[in-house]
Each structure stands twice: as C-alpha cells, then as structure tokens.
Amino acid sequence: MDFILASKNPHKLQEMSAILGQYGVDLRLQSELALDIDVEENGASFEENAMIKATAVMRASGLPAIADDSGLEVDALGGAPGIYSARYGGEACQNDRQRYELLLENLKGVPTAERTARFVCVIAAVWPDGRKICVRGTCEGRILTQPGRDNGFGYDPVFYVPAEACTFSEMPQARKNEISHRANALRLFQTKLTEG
C-alpha cells in the first residue's frame, strides 16, 4: 500500500519507512509529487494536527496520505511543551539546543522523581474515499538535568529512558526504532490498517 507522507523531512521518511516497510507500506515525501504546501497546524491536540496535515496532502494529491504529529509532554510543566514542542520558546529559540536548554531552565530545581515525561506520536491516515485511521503511541521517560551525548535531534539529548539506561540520543537507531513513540504508534497503525 502506498501513502504520501505529509512532510518535507527526509529523516522522518527514513524513520517511518524503516518501520512500515516491513509491513509492505511504501511512503513517498510530498515533495516527490512536487507538492509544496505548508499546512497551518492550528489544532488543539496532536490528533487534530496530524489529521489536518494528512487531509491537506490527500486533497492536494488525490492519493492516500499519512501524517504524524509528535512532541514532548513534561508532567512538571503541565504537559508542556506538548503540541508546541517544535516551536517551544518562540522566536527566542531558533534550534533544538536552544529549545532543550530552555526546557532544562524551566525545570530547574524540580527533583528527579518529578521530571517524568513522555514522547507522544499520533499517526493519522486519510483516503480519498473518506476512510481514516488515527492512533497514538508514547514512550515514557524523564528529563535529565543536563544533556547527554548531543546526537539525534529535538529533545533526544535530555530524554532519558530508565528501562534502556540511556537517552534517546545515546540509543542505537535500531533500538530506538523498536521502542520509540513513533514505533509504538506505527505498530498500532499497522494493526488498524490490516483490520480495516
């Protein structure tokens, strides 16, 4: 089954293809169809944003589309940065390092036991005939007081997974592809896809 991935991010294509490819799902970036659409993610949840993106690309291409919306929820910050993870700190934070440094600053003084957090990934797929799938996957962890090895992207250097005894940035990519929020969401997506 073929889907257009509502993204311009080749890294996301690679990560999702590595997981879905084993189930016979082929993904192509929207740019491969010369679709240059920027979708305003104005939903109030990961689910709404994923559905907005998938629907926009499906309508523009006339083909089944899949999108994800993901981010980090930190319990001590009331779930922030949440759907604003990629825009955390606004104009003052122009890159991943500045965003996770702001996160660490906002958690200053919070004890280890209260630094619980999770990565969330919602996968939405829509078809031209109106069918829809929307699933959520999570990966539980906690936020360190200082970054680990600066590898990976986003908040990976500060997201520690106790069961793996390392941060996402220190984890081998193959293992991350097995336990991550995106991997868990994609497994649920595959289950729904084969059921429907």
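Which element gives the most to the lining of the largest pocket? Strand E3 does, with four residues, and the sections below place this strand within the rest of the model.

## Basis of the model

This is a predicted model, in which local features need pLDDT of at least 70 and side-chain atom pairs count only at pLDDT 80 or more, while totals for chains, interfaces and linings use all residues. Residues are numbered from 1 along each chain as its sequence is written, and side-chain values use heavy atoms, with hydrogens and water left out.

## The largest pocket

The largest pocket has a volume of about 780 Å³. A pocket here is an open set of points on a 1 Å grid over the protein atoms alone, where a 1.4 Å probe fits and protein lies on both sides within 12 Å along at least five of seven lines; lining residues have an atom within 4 Å of a point. The volume is the space filled by probe spheres set on the points, which are joined across faces, edges and corners.

The lining is made of 32 residues, and Asn9, Lys12, Ser70, Ala86 and Arg182 are the ones that lie nearest the centre of the pocket. At least two lining residues come from each of H1, H2, E3, helix H3 (96-106) and H5, where helices (H or I, at least four residues) and strands (E, at least two) are DSSP runs numbered from the N terminus. By class, the lining has 14 charged, ten nonpolar and eight polar residues; Asp, Glu, Lys and Arg count as charged, Ala, Val, Leu, Ile, Met, Phe, Trp, Tyr, Cys and Pro as nonpolar, and the others, Gly among them, as polar.

## Two nonpolar cores

In soluble globular proteins, nonpolar side chains tend to be buried together. A nonpolar core is a set of buried Ala, Val, Leu, Ile, Met, Phe, Trp, Tyr and Cys residues joined through side-chain atoms within 4.5 Å, and buried means under 20% relative accessible area, with exposed over 50% and partly exposed in between (1.4 Å probe, protein chains only).

The largest such core has 21 residues, of which Phe3, Leu27, Ile66, Ile123 and Phe189 touch the most other members. Two or more residues come from each of strand E1 (2-5), helix H1 (10-20), strand E2 (26-29), strand E4 (116-126), strand E5 (132-143) and helix H5 (181-195), and H5 gives the most, with five residues. Leucine 27, leaving aside its neighbours within four places in sequence, is in contact (heavy atoms within 4.5 Å) with Phe3, Leu13, Met16, Ser17, Leu20 and Ile66. A second, separate core of 20 residues includes Ala117, Phe119, Tyr155 and Phe159.

Helix H2 (residues 46-61) has 16 residues and reaches 23 Å from its first C-alpha to its last, close to the 22 Å expected at 1.5 Å a residue, a span taken as 1.5 Å times one less than the number of residues. Several residues of H2 are buried, among them Phe46, Met51 and Val57, and the buried residues of this helix pack against E1, strand E3 (65-74), E4 and E5. After H2 comes glycine 62, whose phi is positive, near 75°.

Glutamate 73 has its place in strand E3 and counts as buried because its relative accessible area is 18%. Its contacts, leaving aside neighbours within four places in sequence, include Phe46, Ala80, Ala117 and Arg136.

## Loops and strands later in the chain

Proline 147 lies in the loop between E5 and E6 and is partly exposed, at 38% relative accessibility. Its C-alpha is 8.8 Å from that of leucine 104, although the two are 43 residues apart in sequence. Not counting residues up to four places away in sequence, proline 147 touches Tyr100, Leu104, Pro157 and Val158.

Alanine 165 is found in the loop between strand E6 (159-161) and strand E7 (166-167), and its phi is near 55°, a positive value in a residue other than glycine. Alanine 165 counts as exposed, at 55% relative accessibility, whereas cysteine 166 is buried, with a relative accessible area of 12%. Cysteine 166 lies in strand E7 and, leaving aside neighbours within four places in sequence, is in contact with Phe159, Tyr160, Val161 and Met171.
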